[in-house]
Amino acid sequence: MNSSLYISLIPLLPLVTFVLLGLFGRKYFNSISGIIATFSLGFSCLLSISIAYQYFFHSERVNGVLQQIIPVKFTWLQFSPGLSIDMGIVLDPLSAMMLVVITFISLMVHIFSLGYMKGEARFATYYAFLSLFTFSMLGLVMSTNIFQMYMFWELVGVSSFLLIGYYFEKPSAVAAAKKAFIVTRFADLGFLIGILILSFHAQTLDFQTLITRLTDPQSAQYLSITAGSLLGVSMLTWGLVLVFIGGAGKSAMFPLHIWLPDAMEGPTPVSALIHAATMVVAGVYLVARLFPIFVFDSAALTVVTYVGAFSALLAAIIACTQTDIKRVLAYSTMSQIGFMMFALGVSGHGGEEGLGYMASMFHLFTHAFFKSLLFLGAGAVIHLVHSNEMIDMGGLRKHMPITHITFLIACLAISGIPPFAGFFSKEEILTAAFHANKVVFFIALFTSGLTAFYMFRLYFSIFWRGEVHLHGEHHGEGTLSMKIPLIILGVLALIAGFVPFSQLITSDGIALETHVDLLFSLTPVAMAVIGILIAIRLYKTENNRSDGVASAFGGFYHASYKKFYVDEVYLFITKKIIFNFIGRPVAWFDKNIIDELMNQSAAITAAVSENIKGLQSGKVQGYAMYFFWGILGLSALFIYLFN
Amino acid sequence: MNGIPLTHILFVSTALFFIGMYGFFTRRNMITILMSVELILNSVNINFVAFNTYLYPQNLDGIFFTIFIVTIAASEAAVAIAIIINLYRSLHSVDVDETGELKF
Amino acid sequence: MNTSDILFYCISAFILGTGVLAVTTGKIFRSAISLLFSLMGIAALYFWMALEFIAAVQIVIYVGGIVVLIIFSIFLTQKSGEEMPKPPLSKIWFSFFSVLVGFIFTYYLIHQYGFGNGGEQPFELKIADIGNQMLSLTGKGYILPFEVISILLLAALIGAIVVAMKIKNKSE
């Protein structure tokens, strides 16, 4: 088997689809473009599953470690003999797992969109963008070097921008797309500087070499990067923190999370794909990729831990008060990614120490399934009621039984109720946090209780509480293509936890024995159950208890409803401070100095030509006069000067 | 004839040349400009003849040039007058200052 | 100073005087007549230099051809009795100044150079020599310029006719 060909096909198929649909789709095969994209991606998905299967279960282990395989690699830009930018595909446990997740979720979203986006005028464009996104995300996870990753990272940002702004007739969608792009772009600046710092000192861009060089305390590169320091912090820490800022931007970590809720302006399946399962975990993936270096620098890792934990808590609190169901899910995503982040932060490298790493990846894996399921379920609901607001919903369980059941499974999974997928991964995260950092552990425990609460608040508000009056004719639960992904994902959300994950992906590659400690699990599960019970009491039937609770919290509730004024702070900083103190002087400089310089030079030219225009009088005698004096001058010159 | 130095003849031709020049600068009527040009050409002719007779009596080249210049002057005058007449027909003027259609 | 010299100075004065009149007279017809006299003076100069053939050419072509042509064109385009509009005084003065400077400069150079009397042997022009050399094919022959000039004359002839021809409007 020529595996390098097959593995190259995985990202190339979506790329080809993108080009095909992007160039010709709208004009020639708008209506079947969805089918084309789905089949191409289905093939890509099959390939990645089979490759991942082969890799995990049939490839050779050296000392119990799965070896990294680089099936494709070529030099793309050769700057100097020592420095080149390569393009390649790397296959290791991490990227194999991501391949499966991305292609699978993307496939589900493709299928779901067949029904959801049906009748859109720019159907082909939508699928072209989806394909572009899938391609860039695959390229991101399969990058062999940090620069290649950066390029795909930006591509992912662009396709996210395009998809959020898909309904570009809506001003709010345009604003959201711009916001997402600018915020992540701002974070990417940090990423780029981080890349430059790391690769400057390590003198390589390649992940493998980078890790080898920077984790060897004897190497010249390690000494160079730790010797340099800025503001009392070593260059290594700076580099890692800046790289983490890039990751935090994409993964919507506090304080760069503000774009994620607004990104819900995009079509709902897009939110399921990009803003729940794949792109937002790119930051986690990035940290995981460079994890061996992060472990070496406790300061950077501490930053990761606390940013993750704080984001998890903050997002969970905000999620409790939002009324737009997609925004609830968006904050929930942010919260879960916070879990993954701090799980990485509390982890060590190798053996039992590396539990956090493994748990984080496990949670990434399971979260992808149940969160995309939640989003697709929400999509189905929105498709039916044509509204995002909870107030317009209620009692939908009778109208959409399949959505109801699968949504319930997903809610149970995210709340961490055994034996659903989320239970296993969350358990391991909590265990890891418990052993490493008690503060973080209690934050996590509280947050998982909150998670259960707000998820069931959402669930009851949609499917129970009250009765919605659907307009005369409605199209029921949706097409078959919308139900199938829900069912598949529902099943997976149920069983994904039983994947022997600890055998496959660990920080050092050696299989890890984990066991579920029932006694330990009691507390988080109890927290979740309490959360669910509160939600049942407040939201299952129509009552005004929830309003009472809200008023009991008073100002805190209001602050949470307003998302703790983070957006307002940003607006204040950008509009009041940056605009006034940087923007205006720059604008003034631009208008009065730069423009004026140009205007003046133009005016001078015009004035000069206006004046010398007279010389071009068209009067032959004038010309004769110039000619005469010219000849006279020239002859004088030649006779007296050059003789 | 030998009593007159060459420079005196050249004085005449130079003066005639600059008289023609003056006419060329000041006249506005195209026909008078043409006359000035004829004067200039004649001054050149005088030069050729004078140089030939005074400096290279064994040769005839100056004479030939004079003859050719006279011929060319004749054809030039013919074409110029044709142009002037044509211009007069379309503009009803032979003033050089009014024929500025092609300027700028 | 013998008669010949006096004759030269008289001819020169006549040429220059009529030349100045030709470029300064206000009436165009007078100007043309002055030009005629000036050209005749030049012919006289050629006679004085014993170049009868050139003088004859001068009279035949210039006086008999070009000046007549010019007078014809004056009749065609002008009211010959009227004063021509005068150029602005500043232009006159500036032109005069320019011309004066040019003349002084040029004549200064000529005077400095001097042109010492080159040929001792007297210059004798035989018309037969002109004809022979004009049509000779040897190194000193002028057959090629002669032919070229003849073509040029033909072209000028046709060109002058074409340019001056009144284009008839076909619709009429």
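Of the contacts in chain C with a separation of 6 or more, 49% are between residues 24 or more positions apart. The model is a predicted one. Chain C is built from six helices and has zero strands, so that its order from the N terminus reads α-α-α-α-α-α. Of the 172 residues in chain C, 23% are buried.

Chain C also touches chain B. The contact draws 74 residues from chain C and 60 residues from chain B. On the chain B side, helix H1 (6-26), helix H2 (30-55) and helix H3 (61-91) each contribute at least two residues. The most comes from H3(B), which supplies 21 residues to the side of chain B that touches chain C. Sorted by class, that side of chain B holds 42 nonpolar, 15 polar and three charged residues.

Strand S3 (residues 69-80) of chain A pairs with strand S4 (residues 83-91) of chain A in the antiparallel sense, over eight bridges. The two strands are joined by a hairpin of two residues, running from S3(A) to S4(A). One of the bridges can be located by its residues: A:Ile69 has A:Leu91, in S4(A), as its bridge partner.

Further along chain A comes helix H5 (residues 146-164). Its length can be checked against its residue count: at 1.5 Å a residue, the 19 residues of H5(A) should span 27 Å, and the end C-alpha atoms are 26 Å apart, which agrees. H5(A) is mostly covered, with 15 of its 19 residues buried.

A:Ile487 lies in helix H20 (residues 480-495) of chain A. Is this residue buried, exposed or partly exposed? A:Ile487 counts as partly exposed because it has 13 C-beta neighbours inside 10 Å, whereas a buried residue needs 20 or more and an exposed one has 12 or fewer. Which residues does A:Ile487 touch, leaving out those up to four places away in sequence? The residues touched are A:Ile402 and A:Thr406. A:Thr403 is 84 residues from A:Ile487 along the chain, and the C-alpha atoms of these two residues are separated by 8.4 Å.

Key
Residues numbered from 1 in each chain as written. Chains lettered and ligands numbered in written order. Predicted model: local features only at pLDDT ≥ 70, side-chain atom pairs only at ≥ 80, totals over all residues. Helix = DSSP H or I, 4+ residues; strand = E, 2+ residues; numbered from the N terminus. Contact = placed C-beta atoms within 7 Å. Nonpolar A, V, L, I, M, F, W, Y, C, P; charged D, E, K, R; others polar. Pairing = 2+ DSSP bridges. Expected span 1.5 Å × (residues − 1).
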